[in-house]
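This report is for a reader meeting the structure for the first time. It starts with a pocket and then turns to strands, rings and backbone details.

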Amino acid sequence: TADRIAFEGLVQDSIFVRAAFDTHVENFVNDRDDTYAISLAAAYKSERVVGGLQAHYRRTDRDEPSNDLNLVTIDGALEAEVGKLSVTAEVLGQFGGGDLQDGRNDVSITSFGGVLEAELDANAWTLRVEGGYASGDSDDTDSKLKTFTFDRDYNVGIMMFEQPMPLFAQNAPNDANGNRNFDEVQLGNGVSNALYLKPIIQRRLAWGFSAEASFLVARASAVPARFANRKSYGSEILGGITYDGIDHVELDVRGCVFLPGSYFRNYTVDAFEGFDRPAVGVQMTGRLRF
């Protein structure tokens, strides 16, 4: 949560500019809030091209100067249409350093992430390909943080980067642990340290139904030397049916088969030696759009 003072303006009906100052509300009423941010943004819009750039500076200024943390985020986005072909791209970089609240001191932050998506509308058929990159860290023992993580709500699959895997039952299940053991989880619920590609084909059917099939493949963008034989996350085969025949209503049912890569297969500890079994998932969603 933040309190914001902002100026926004439109120049010649096509250029948008904004400047803002934020005071972050982090604690209870009587506690000190020590984080503030400044952001500048500019965007351009025409009939076929939309592009923008935002720079965001965030500072945590604690009582002790050695505990300060500075972070600069630069985010650029572009959308363009050429006939039946549309292209969307976003690239983001974060730079900064300081001390973190988890006890790590004098860290430096340099991370990058990006997504590129191209879509061709061929009447009843839609062909789309999406690729993404999130930087990783080849040395997780130093103070240089290079791993980038997408927003947790950005989903590219049903299993991969969406469900913590692998997941086990507890030896002593109870209400607190929900009979779920996360000790051996190798891949969490966010696109992080990853390079992925996802081609998609969609066919519009009758009465508001659409069928879709896609294939997601991903690998780590960087791993420490001890993980040299664990670079591939694996692949995911997906298919689904969508219904949007009623205004503002969208229903979706889809399933997938996840095939583990070397990141799972070559994982070895005393109790386990590799996770190589496929996993199957089903997802059903309903949305009301206004």
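Seven strands each supply at least two residues of the lining of the largest pocket: E7 (107–122), E8 (125–134), E10 (194–204), E11 (209–219), E12 (232–243), E13 (249–260) and E14 (279–288). The model is predicted. The space in this pocket comes to about 560 Å³. It is lined by 24 residues, and the closest to the pocket centre are Arg128, Lys198, Glu212, Arg254 and Arg287. By residue class, the lining holds 13 charged, seven polar and four nonpolar residues.

The protein as a whole has 14 strands and one helix. Its C-alpha trace spans about 65 × 60 × 40 Å along the principal axes. Of its 290 residues, 33% count as buried. For a sense of distance within the chain, take Tyr44 and Arg265, which are 221 residues apart in sequence and have C-alpha atoms separated by 47 Å. Tyr44 belongs to strand E3 (residues 35–45). With a relative accessibility of 41%, Tyr44 counts as partly exposed, because that class lies between 20% and 50%.

**Strand pairing**

| Strands | Sense | Bridges |
|---|---|---|
| E10 and E11 | antiparallel | eight bridges |
| E11 and E12 | antiparallel | eleven bridges |
| E12 and E13 | antiparallel | ten bridges |

Individual residues show how these strands line up. Glu212 of E11 stands opposite Gln202 and also opposite Gly240 in E12. Arg219 has Ser232 in E12 as its bridge partner. Further along, Thr242 stands opposite Asp252 in E13.

The two faces of E11 can be told apart by cover. Ser210, Glu212, Ser214, Leu216 and Ala218 make up the covered face, while Phe209, Ala211, Ala213, Phe215, Val217 and Arg219 make up the uncovered one. Glu212, on the covered face, is also among the residues closest to the centre of the largest pocket.

Two of the pairings are hairpins. E10 and E11 have four residues between them, and Trp207 in that turn has a positive phi of about 60°. E12 and E13 have five residues between them, with His248 at a positive phi near 70°.

**Aromatic rings and charges**

The protein has twelve aromatic pairs. In one of them, the ring centres of Tyr233 and Tyr263 are 5.0 Å apart and the planes stand at 70°, so the pair is edge-to-face. This pair links distant parts of the chain, since Tyr233 is in strand E12 and Tyr263 is in helix H1 (residues 262–265), 30 residues apart. Tyr233 has a relative accessibility of 2% and counts as buried. Tyr263 is buried too, with a relative accessible area of 12%. Both tyrosines belong to a cluster linked by ring pairs, together with Phe161, Phe227, Phe258 and Phe264.

The charged end of Arg230 sits over the ring of Tyr263, 4.4 Å from the ring centre. Arg226 lies over the face of Phe227, and here the distance to the ring centre is 4.8 Å.

**Backbone details**

Most residues other than glycine have a negative phi, and most peptide bonds are trans. Gln12 counts as exposed, at 68% relative accessibility.

His248, in the loop between E12 and E13, likewise has a positive phi, near 70°, without being a glycine. His248 is partly exposed, with a relative accessible area of 48%.

The peptide bond from Met165 to Pro166 is cis, with omega near -10°. Pro166 is placed in the loop between strand E9 (144–145) and E10.

Note on methods: Residues are numbered from 1 along each chain as its sequence is written. This is a predicted model: local features need pLDDT of at least 70, side-chain atom pairs count only at pLDDT 80 or more; totals for chains, interfaces and linings use all residues. Side-chain values use heavy atoms; hydrogens and water are left out. On a 1 Å grid over the protein atoms alone, a cavity is a set of points where a 1.4 Å probe fits but cannot get out, and a pocket is an open set with protein on both sides within 12 Å along at least five of seven lines; lining residues have an atom within 4 Å of a point. Grid points are joined across faces, edges and corners, and a volume is the space filled by probe spheres set on the points. Ala, Val, Leu, Ile, Met, Phe, Trp, Tyr, Cys and Pro count as nonpolar, Asp, Glu, Lys and Arg as charged, and the others, Gly among them, as polar. Rings of Phe, Tyr and Trp (its six-membered ring) pair if their centres lie within 6.5 Å; planes under 30 degrees apart count as stacked, over 60 as edge-to-face and the rest as tilted. Buried means under 20% relative accessible area, exposed over 50%, partly exposed in between (1.4 Å probe, protein chains only). A charge sits over a ring if NZ of Lys or CZ of Arg is within 6 Å of the ring centre and within 35 degrees of the ring normal. Two strands pair if DSSP finds at least two bridges between them.
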